[in-house]
Amino acid sequence: MVHQHGDEHDIPGEHRVHRHGGWLPADHRLQHEWLKTQIDYVDRVGKKELIPVLQDFKRLIEGNSRIYMYFNQMWEEIPLKKPYYKDPTGTKKQIRDYRHMLAVLNHIFTQPPQWTDAAFGVGMVGVPMVGVFDYVMATPSGHAAFLDPEVNKMLKKILNEWGRFLKSPKSAEVLATHKQGWFSDHAVKDLMEVANAPLRTSHRFEDMYICNPSAKYYGYTSWDDFFTRQLREESRPVASPDDDNVVANACESKVYNVARHAKLRDRFWIKSQPYSVLDMLGQDPLAAQFDGATVYQAFLSALSYHRWHSPVSGRIVRAFVKDGTYFSEPLFEGPAGGYVEGERRGTTGGDIDVRGISVAQGYLTALATRAVIFIQADNPAIGLMAFVGVGMDEVSTCEITVGQGQAVRKGEQLGMFHFGGSSHCLLFRAGVPVDGFPIPGREENVPVRGQVAVVKGR
């Protein structure tokens, strides 16, 4: 089972990195190769004028002493040894400083994400800004910078600008059949392997998704239009549509964790990453009802479907997007060690956890930009429940398509991630007799709108 092409190849142990959802390649050499290509282009072409939003970023860095310190020190705090400082051959420096970072971002923002063929196999970098920030996020100064409110305000502005480009007709140029295209043989093979695995089907792309295969780019008008593609109703039937005791899966996703008795407030930044319900739910007044909650969390694959669907029939009580961080990861992944059950200690001997932000799924539920939707279920055995769509890095644009007071049927759309998504959570209040969740560790996704849990009626 792959999450992106190249996962099935023979990857040496020192280069294989387990990343939830496949947002970056499993073969770490592919990420280095991709970044090396971007850097080589920037260094070859020379200095180019920054796009306006990156000029604003440069002014923020250079005009604020605190932020200037962070963005200088974060690059210096990367360990001066392979694989952090140089590419796999040991001959080429990676990003050197914040000016070089801005130049590389300036190049990246002129192109949509491509399906990348690299010398060590085939793969793609699904979140290119993470490819640039991957190591510095885990440094002490990077940790401080990516928690900083002013930095996050600017990152939101930058991501919104890139999002506008990803909705433009020009961004659709990668939806082609050439080897960097999303309709290349490699790309379609892996897209459909991921899509067919949950129900063991053998659908073609046009059987699974609403599109026009005879039209240019299959009828998709932009990269974002492709990434938020809609499923055909018959490809993902709703689990037991007339039985309110059956809970439907809200997102096409792979199970990450099931937690019981989650505390209203907890230390989400320690290595065990316990759920902190009040923080997850954006400190909304309704959160108090979820002390001791059951939490189900699953993460989305880079190749999967990215719309959300209602797990139950009921009424929308409240729905909002909580702005948060975009590239923050916990200190325990960094070279200074981290928090282990409240005690700071060196855990990695000066190394950065190369799995990066993908192992911080619990941490992200409390800090990352997220969509929070409270649903009053028709089933009194469930009552009030909550859905949380958690953004990660570039994929932090959460669009809610339902409103307060709206009635929804199980399986109806609630919203979507633009440019993918990180993970999602379902929260059930203490005392709700919910069980039968998928077991963490299963290889394939749980199908969206399929059964994810069962509630015993009271």
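Select Met101 and show whatever it touches. Skipping neighbours within four places in sequence, Met101 is in contact (heavy atoms within 4.5 Å) with Phe57, Ile61, Phe71, Trp75, Ile95, Val132 and Phe133. Before going on, a note on ground rules: this is a predicted model, where local features need pLDDT of at least 70, side-chain atom pairs count only at pLDDT 80 or more, and totals for chains, interfaces and linings use all residues. Residues are numbered from 1 along each chain as its sequence is written, and side-chain values use heavy atoms, with hydrogens and water left out.

Now widen the selection to the nonpolar core, meaning a set of buried Ala, Val, Leu, Ile, Met, Phe, Trp, Tyr and Cys residues joined through side-chain atoms within 4.5 Å. The largest one has 67 residues, and Met101 is among those with the most contacts inside it, together with Phe57, Phe71, Val132, Phe133, Phe146 and Phe226. Colour helix α7 (residues 149-166) next: the largest share of this core, eight residues, comes from there. Helices (H or I, at least four residues) and strands (E, at least two) are DSSP runs, numbered from the N terminus. There is also a second, separate core of 32 residues, including Val312, Ile316, Phe417 and Leu426.

Next stop: Gln297, in strand β5 (residues 293-299). Is Gln297 buried or exposed? Gln297 is buried, at a relative accessible area of 0%; buried means under 20%, exposed over 50%, and partly exposed in between (1.4 Å probe, protein chains only). Leaving out residues up to four places away in sequence, Gln297 touches, among others, Tyr256, Tyr275, Gln361, Ser423 and His424.

Seven strands form an open sheet in the order β4-β5-β15-β11-β10-β7-β13, with antiparallel pairing (strands pair if DSSP finds at least two bridges between them). At the edges sit β4 (254-262) and β13 (407-408), each pairing on one side only. β5 pairs with β15 (residues 423-428) over six bridges, and Phe299 stands opposite Ser423 in β15.

Finally, colour by pLDDT, the predictor's confidence in each residue, from 0 to 100. The protein chain has a mean of 83, with 79% of its residues at 70 or more. Over residues 1-26 the pLDDT is below 50, although the model gives this stretch 99 contacts beyond near neighbours in sequence. Where pLDDT is low, predicted coordinates should not be read in detail.
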